[in-house]
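Have the model open as you read.

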Amino acid sequence: LRDLGWDVEVLSADSDVINSEEVSLARVATRPIHSVHGVRRVNDAIGRFRPHVALVENLFPMHSPSAIRALRKAGVPVAAGVRSYRMWCAASTMYRAGSPCRGCVGSLANAPAIRHGCYQGSPLRTVPMAVSLTVHRPTFRAIDAFLAVTEHVRDELIAARFPASRIVVRPNFVPDPALPPTGDPGNGFLFAGRLSEEKGVRLMLDAWERSGVWKTDSLTIAGSGELEDLVRAQRPELQVKALGLLDHETLMVRLREAAVMVVPSVWPEPFGRGVIEAAAAGRPSLVTRSGGLPSLVVDGSTGWIADAHPDDLAREFRRAADPAANAAAGVNARARYLKHYTREVSMGILDVTLRRLAIRGSDLP
């Protein structure tokens, strides 16, 4: 934003203090509802910096939505980045017990979240989060612009009764590697992420075996997590290569060596950074029809979309294994990245939205 000519004041808080002795447990418990310290910092910044507009991101649990109230009381228009389902879901994932969950959409007091202990696996810890989401419903609806990370998140905002007229889709971006074209479409498939059930690791391994693609191609898996032993226990003939956790630079090298990125999530991912990193490098992606992932891929053009079922994913593995198809899809994925997911595009949307609010001012009561 400074590069675009804005004067910027940043207020941030590190939630790592929750697990330290810097903040008492009593204060941690009440902060999602009202953070005295967070509001004091916001009011101090308002008086000192006199902002024309504010952008809020991830206020839980340290600042609390009370920061929005302080800004609105001072007449400062507010835009909010929406990269999760936190405004109505205590877990922020809309996923519970291995399945997508909509139990708290439309709930008066987020009681299902408390019953299931959706926040950090604890009913007790979920109580202040659920209370906050209930108390701050009017606070959230006082936000002037919601910056949804995908069309899927926009649709979920609307389903949760947020005003569609205030929602703008602003995708995340990744830096352009600006790598010279090599003409090499790469080899095999790559998964990079947490090795867990919700990331679809078990689904992917099942589909991979059913696909028969392992007879000619390999599946490389980078990451760590509770399913790491399962990954390493795959039969040698399946050509599953476990790399463990890689640093980002090494991972990008592996991405360039692969032909297709695989993102088989079974939880409703709001976005999918790996898909965009692959597209920036000229690589297509095979994704599941979960959350915002399908909006990042044009099926058969920049990648492939499968239902989160092993037979359907196996079929898409076979489609994506065609060298000519994945080479063409890589070119198309790169072109789509340049059109929708560069820094310039994403920051342009943010710049226009914030300038509109700053010029117009807050027009909400």
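A cavity here is a set of points on a 1 Å grid over the protein atoms alone where a 1.4 Å probe fits but cannot get out, while a pocket is an open set with protein on both sides within 12 Å along at least five of seven lines; lining residues have an atom within 4 Å of a point. Grid points are joined across faces, edges and corners, and a volume is the space filled by probe spheres set on the points.

A quick word on ground rules. This is a predicted model, in which local features need pLDDT of at least 70 and side-chain atom pairs count only at pLDDT 80 or more, whereas totals for chains, interfaces and linings use all residues. Residues are numbered from 1 along each chain as its sequence is written, and side-chain values use heavy atoms, with hydrogens and water left out.

For the class counts below, Ala, Val, Leu, Ile, Met, Phe, Trp, Tyr, Cys and Pro go down as nonpolar, Asp, Glu, Lys and Arg as charged, and the others, Gly among them, as polar.

| Space | Volume | Lining by class |
|---|---|---|
| Largest cavity | about 140 Å³ | 12 nonpolar, three polar, two charged residues |
| Second largest cavity | about 70 Å³ | nine nonpolar, two polar, two charged residues |
| Largest pocket | about 920 Å³ | 23 nonpolar, five polar, four charged residues |

Helix and strand names come from DSSP runs numbered from the N terminus (helices are H or I with at least four residues, strands E with at least two).

Which residues sit nearest the centre of the largest cavity? Of its 17 lining residues, those are Cys89, Met94, Cys101, Gly103 and Cys104. Both β3 (95-96) and α4 (111-116) supply at least two lining residues, and α4 gives the most, with three.

The second largest cavity has 13 lining residues, with Val275, Ala279, Leu296, Thr302 and Ala333 nearest its centre. Two or more of its lining residues come from each of α11 and α13 (323-340).

Now for the largest pocket, which has about 920 Å³ of space. It is lined by 32 residues, and Glu9, Val10, Leu11, Ala54 and Leu55 are the closest to its centre. At least two lining residues each come from α2 (36-49), β1 (54-56), α3 (66-73) and α14 (343-360); α2 gives the most, with four.

**The packed parts**

A nonpolar core is a set of buried Ala, Val, Leu, Ile, Met, Phe, Trp, Tyr and Cys residues joined through side-chain atoms within 4.5 Å. Buried means under 20% relative accessible area, exposed over 50%, and partly exposed in between (1.4 Å probe, protein chains only).

The largest core has 61 residues, and Met87, Trp88 and Leu157 touch the most other members. Helix α11 (residues 273-280) gives the most to this core, with five residues. There's also a second, separate core of 29 residues, which includes Leu195, Trp304, Ala306 and Ala320.

What does Met87 touch, not counting residues up to four places away in sequence? Counting heavy atoms within 4.5 Å as contact, its partners are Ala80, Val82, Leu133, Phe140, Ile143, Phe146 and Phe162.

**The rings**

Rings of Phe, Tyr and Trp (its six-membered ring) pair if their centres lie within 6.5 Å; planes under 30 degrees apart count as stacked, over 60 as edge-to-face and the rest as tilted. The whole structure has seven such aromatic pairs. One of them is the tilted pair of Trp88 and Phe162, 6.0 Å centre to centre with 50 degrees between the planes. Trp88 is in the loop between β2 (78-82) and β3, and Phe162 in the loop between α7 (151-159) and β6 (167-169), so this pair ties together parts 74 residues apart in sequence. Both Trp88 and Phe162 are buried.

Phe162 also pairs with Phe146: the ring centres are 5.3 Å apart and the planes are at 70 degrees, so this pair is edge-to-face. Ring pairs link Tyr85, Trp88, Phe146 and Phe162 into a cluster.

**Around Leu238**

Leu238 lies in the loop between α9 (228-232) and β9 (240-244) and is buried, with a relative accessible area of 0%. Beyond its neighbours within four places in sequence, Leu238 contacts Trp208, Glu209 and Trp214. Trp208 is among the buried residues of helix α8 (residues 201-211), and α8 is followed by Gly212, whose phi is positive, near 75 degrees.
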